[in-house]
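I opened this entry to look up charged pairs, helix packing and model confidence. My notes follow in the order I checked things.

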Amino acid sequence: MEKLRILIADDHPLFRYGIGMLLATTGDLEVVGEAATGEEAVEMAAALQPDVILMDIRMPGWNGIEATQRIARRDGKAQILILTMFKDDASVFTAMRAGARGYVLKDAEKDDLLRAIRAVGRGEAIFSPGIAARMIDYFAMTRPAAREELFPELTAREREVLYLISEGASNSDIAGRLEISGKTVANYVTNILNKLQVQDRSEAIRLARESRLGPEGFGTGETSLA
């Protein structure tokens with residue numbers, strides 16, 4: 001049986017050790033590398049070509065979302081499973097838009113985690129039960145959709161930043177919710193203003209609200225660990 005090759009990306013050595021010990025008890029999963037930063041995760045993904053990457057969100061340097069974006073953009077082979085303690089909607093949606101195939105909380109039972117790794121390795125999408133339930137509730141609510149055709153000149157991340165701006169979020173608020181630096185947010189805001197050809201933030205907010213901009217959805221077919 002060919003083993004799934006796993007890269008663990010987490011800045012806590014003890015957590016990486018525990019996951020490594022768990023995977024060592026299986027016959028079909030093999031740890032091929034460990035990364036402690038987002039930059040290391042991107043470099044090791046390119047060098048090792050793992051089948052699955054277990055990606056934490058909060059890491060030094062590039063966070064897990066930024067690392068996921070770069071890996072997904074560079075190489076579609078590796079399937080990324082977010083393994084984190086963050087369970088807010090913004091983190092979940094941002095991770096999936098970045099290219100993650102699944103989202104599991106670190107307090108998951110070991111059998112559930114192993115099942116999630118194998119599912120993602122097969123190309124499936126999978127979520128912790130609580131995350132999946134909240135996603136269903138979210139999309140069942142009546143709310144405006146941020147369709148790509150509203151602002152085709154913006155990237156998906158820029159539309160997301162524009163939505164948060166339209167909700168009154170400051171740059172520091174956006175940085176916290178998207179797990180990116182304040183400088184990165186400022187760059188996104190500058191790009192948005194230039195692309196929309198507006199003079200300031202208030203004009204961008206007006207355009208967004210007039211267009212009924214809201215959080216974007218993503219593909220169907222998600223499964224839960226429940």
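I began with K77. K77 has a relative accessible area of 39%, so I noted it as partly exposed. The model is predicted, and I kept that in mind throughout.

Next I looked for the partner of K77. Its side chain meets that of D51 in a salt bridge, 3.0 Å from N to O. K77 sits in the loop between α3 and β4, and D51 in the loop between α2 and β3. The two are 26 residues apart.

I then counted salt bridges: there are 10. I looked up D28 and R118, which form one of 2.7 Å, N to O. D28 is in the loop between α1 and β2 and R118 is in helix α5, so the pair ties together parts 90 residues apart in sequence. D28 is buried at 17% relative accessibility. R118 is partly exposed at 26%.

E158 and K195 pair too, at 2.9 Å, N to O. I placed E158 in helix α7 and K195 in helix α9, 37 residues apart. Is E158 buried or exposed? I found it buried, at 4% relative accessibility. K195 is partly exposed, at 34%. I also noted a salt-bridge network that links D10, D56 and K106.

Helix packing came next. Helices α7 and α10 pack at about 100°, with axes 9 Å apart. That makes them roughly perpendicular. From α7, the contact uses L162, I165 and S166. From α10, I listed R201, A204, I205, A208 and R209.

Last, I checked confidence. The average pLDDT is 84, and 85% of the residues score at least 70. Over residues 142-148 it is below 50. Residues 214-222 also stay under 50.

Terms used
Residues numbered from 1 in each chain as written. Predicted model: local features only at pLDDT ≥ 70, side-chain atom pairs only at ≥ 80, totals over all residues. Heavy atoms only, no water. pLDDT = per-residue confidence, 0-100. Contact = heavy atoms within 4.5 Å. Axes fitted to C-alpha atoms, helices over the stretch in contact; angles between N-to-C directions. Helix = DSSP H or I, 4+ residues; strand = E, 2+ residues; numbered from the N terminus. Parallel < 35°, antiparallel > 145°, perpendicular 65-115°, else oblique. Salt bridge = Lys/Arg side-chain N within 4 Å of Asp/Glu carboxyl O. Buried < 20%, exposed > 50% of the residue type's maximum accessible area, 1.4 Å probe, protein only.
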